[in-house]
Amino acid sequence: AEQARSQAQTAKKAHEMVSEAEHGTHAYLARKGFPALIGLTLEGKLLVPVIDFDRYPSIISAQLITEHGEKKFLPGGRAKGGVYRLGVPASNARRVILCEGYATGLSLDAAAHMLPGAHCTIVCFSAGNLELISSKLPASIDALIATDNDQSGTGEQSARRTGRKWIMPADVGQDYNDVHVQQGIRSVVEALRSA
């Protein structure tokens, strides 16, 4: 009951923060290859709403990102089952892509825009949550897992456990935003095409 109260209070705070946030560019987005992209900003930080996958678009928490890339979720909130979606709903998409991080999602979304058909990119915030969200998608949705190439192998292991098609950058320590920034968006497009 205490946990439920804490999560409810955090969800309320996250909703208030989203309401108070301004729209603007951010140094973190510029570093990640999106200098002109408009995001939600609050007190100098980029604010990414965490939305309940099962009750979309209900906000359950928020992730705050500094210009140097330090990321924090609101304390006491629930991240499990939380997502941030780019593009159309999964049920209306020709391709559905699941990934871990927000910047990675932006790069995959930009690459998907260069391919035909409507798409949906779902940011899951962690490898474990990516597995959970994958299990919630109907089997009829042919989702692609775009995992990070972690030193620990966590991303690859999670991707394999989903039982779905998956792709991963070739170099250890990279995600698809790294590929975008270092090699250009066309390299991300080719990774999607290869799948």
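Glu43 sits in the loop between S2 and S3. Helices (H or I, at least four residues) and strands (E, at least two) are DSSP runs, numbered from the N terminus. This is a predicted model, in which local features need pLDDT of at least 70, side-chain atom pairs count only at pLDDT 80 or more, and totals for chains, interfaces and linings use all residues. Residues are numbered from 1 along each chain as its sequence is written, and side-chain values use heavy atoms, with hydrogens and water left out.

Phi of Glu43 is near 50°, a positive value in a residue other than glycine. Most residues other than glycine have a negative phi, and most peptide bonds are trans. Glu43 is exposed, with a relative accessible area of 74%. Exposed means over 50% relative accessible area, buried under 20%, and partly exposed in between (1.4 Å probe, protein chains only).

S3 pairs with other strands; two strands pair if DSSP finds at least two bridges between them.

Strand S2 (residues 39-42) runs antiparallel to S3, joined by 3 bridges. Leu42 stands opposite Lys45 in this pairing. Strand S6 (residues 82-87) pairs with S3 in the antiparallel sense over 2 bridges. Asp52 stands opposite Gly82 there.

## Two backbone features

The loop between S3 and S4 holds Pro57. A cis peptide bond joins Tyr56 to Pro57, with omega about 10°.

Phe125 is found in the loop between S8 and H4. Its phi is near 75°, a positive value in a residue other than glycine. Is Phe125 buried or exposed? Phe125 is buried, with a relative accessible area of 13%.

In helix H4 (residues 127-136), the buried residues include Ala127, Leu130 and Ile133. Seen down the axis of H4, the buried residues fall within an arc of 150°, so they line one face of the helix. The arc is that of the directions from the helix axis to the C-beta atoms. Among the elements covering these residues are S6, S7 and helix H5 (154-162). Contact means heavy atoms within 4.5 Å.

Helix H7 has Ile185, Val188, Val189, Ala191 and Leu192 buried. Seen down the axis of H7, they fall within an arc of 160°, so they line one face of the helix. Arg186 and Ser194 are exposed on the other side of H7. The buried residues of H7 pack against elements including helix H3 (102-112) and helix H6 (176-183).

## The largest pocket

The largest pocket has a volume of about 190 Å³. On a 1 Å grid over the protein atoms alone, a pocket is an open set of points where a 1.4 Å probe fits, with protein on both sides within 12 Å along at least five of seven lines; lining residues have an atom within 4 Å of a point. Its lining includes Arg94, Val96, Asp142 and Lys165. S7 gives the most to this lining, with 3 residues.

Technical notes: Grid points are joined across faces, edges and corners, and a volume is the space filled by probe spheres set on the points.
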